[in-house]
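Hi,

Here is the structure I promised to pass on. Have a look at it first, and then read on for what turned up in it.

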Amino acid sequence: KAEAIFEASKSSMGMEIALVDLINIEMFAKRVISLTEYKTELAAYLHSKMDAVAPSLAALIGDLVGARLISHAGSLTSLAKFPASTVQILGAEKALFRALKKRSTNTPKYGLLFNSSYIARADTGNKGRISRFLANKCSLASRIDCFSESPSSIFGEKLRQQVDDRLKYLLTGELPPKNIDVMKEAVAEFQANVKKINKKKKKKDKKRKLENGETTVDGHEITTNLNETIEENGEPPMKKKKNKKKKSKDISMMEE
């Protein structure tokens, strides 16, 4: 390609770039690069915030659309209180009230959910169905994120798989798995994940207590395993030498 460009430049009708034009081109290129880097930083920041606040909603419809829903509702709690029918038309209130004022049956089928990839992937006749189904799952995901003690993205991933299966069902007719089976699987994975996190947390607390010289954790005495000590330090712990002088002195005092 470089050779082709070089050969084409020999027969080109262009002219040499002036110094002022070259400076402006360089400034424009640097500006584009800086804006691209800033966009990447904003995307990373939004991903970290959504992962901490609403991981299930972010896993279902993405960070950007999920953040827009929360922002439009006012808070995650307000979004969790909305029914699925309200979530479906969230962002299209003007079109809804205009249709109601004119007493028209042409009410909007979607609002902010139109920006999700599921609406674009659906056929023209199935966009309303996918929008209703997606709004239902978004409502469930927001309630899980809002009222769960330990938010996780497991439920969001399962709900996203359900939306994909429903989209496939509308396109090919393949029956999706039942909702109760999917939720049972999600609950089992969530409980296993919570146990794993609690186990790691207890191990960290125990290690921190030992480093600080404390002997109890949550009212229980700390006991160290010899094998764990050997694995961590690479050698068995040294046994304390008995003070022979003190022992002999105690024996002599007892004889007297």
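A word on terms before the findings: a residue is called buried when its relative accessible area is under 20%, exposed when over 50% and partly exposed in between, using a 1.4 Å probe and protein chains only. This is a predicted model, so local features need pLDDT of at least 70 and side-chain atom pairs count only at pLDDT 80 or more, while totals for chains, interfaces and linings use all residues. Residues are numbered from 1 along each chain as its sequence is written, and side-chain values use heavy atoms, with hydrogens and water left out.

**The chain as a whole**

The chain has 13 helices and two strands; these are DSSP runs numbered from the N terminus, with helices (H or I) of at least four residues and strands (E) of at least two. Of the 256 residues in the chain, 25% are buried. Among contacts (heavy atoms within 4.5 Å) with a separation of 6 or more, 52% are between residues 24 or more positions apart.

**The core**

A nonpolar core here is a set of buried Ala, Val, Leu, Ile, Met, Phe, Trp, Tyr and Cys residues joined through side-chain atoms within 4.5 Å. The largest one has 29 residues, and those with the most contacts inside it are Leu 57, Leu 60, Ile 61, Leu 79, Leu 134 and Cys 138. Two or more residues each come from helices H3 (55-61), H4 (63-73), H5 (76-81), H8 (117-121), H9 (127-147) and H10 (154-172). H9 gives the largest share, six residues. Cys 138 is in contact with Leu 57, Leu 60, Ile 61, Val 87 and Leu 113, leaving aside neighbours within four places in sequence.

**Helix packing**

For the packing geometry, axes are lines fitted to C-alpha atoms, for helices over the stretch in contact, and angles run from 0 to 180 degrees between N-to-C directions. Angles under 35 degrees count as roughly parallel, over 145 as roughly antiparallel, 65 to 115 as roughly perpendicular and the rest as oblique. In the contact make-up, Ala, Val, Leu, Ile, Met, Phe, Trp, Tyr, Cys and Pro count as nonpolar, Asp, Glu, Lys and Arg as charged, and the others, Gly among them, as polar.

- H9 and H10 pack at about 170 degrees with their axes 10 Å apart, and are therefore roughly antiparallel to each other. Their contact includes Phe 133, Leu 140 and Ile 144 of H9 and Phe 155, Leu 159 and Leu 167 of H10. The residues divide into 11 nonpolar, one polar and three charged.
- The axes of H10 and helix H11 (residues 179-212) come within 9 Å and cross at roughly 155 degrees, which makes H10 roughly antiparallel to H11. Among the residues in contact are Phe 155, Leu 159 and Gln 162 of H10 and Val 182, Met 183 and Phe 190 of H11. This contact has eight nonpolar, three polar and three charged residues.
- The axes of helix H2 (residues 19-53) and H4 come within 10 Å and cross at roughly 65 degrees. The contact is made by Leu 46, His 47 and Met 50 of H2 and Asp 63, Leu 64, Gly 66, Ala 67 and Ile 70 of H4. Five of these residues are nonpolar, two polar and one charged.

**Individual residues to look up**

Ser 56 lies in H3 and is buried, with a relative accessible area of 0%. Beyond four places in sequence, Ser 56 is in contact with Ala 141, Ile 144, Asp 145, Ser 152, Ser 153, Phe 155 and Gly 156.

Leu 76, in H5, is also buried, at a relative accessible area of 12%. Leu 76 touches Val 53, Ala 54, Ile 70, Ser 142, Asp 145 and Cys 146, not counting residues up to four places away in sequence. The C-alpha atoms of Leu 76 and Arg 143 are separated by 8.4 Å, although these residues are 67 apart along the chain.

Two residues are partly exposed. Gly 62, in the loop between H3 and H4, counts as partly exposed because its relative accessibility is 24%. Arg 68 of H4 has 39% relative accessibility and so falls in that class too. Arg 68 touches Leu 112 and Asn 115, again leaving out residues up to four places away in sequence.
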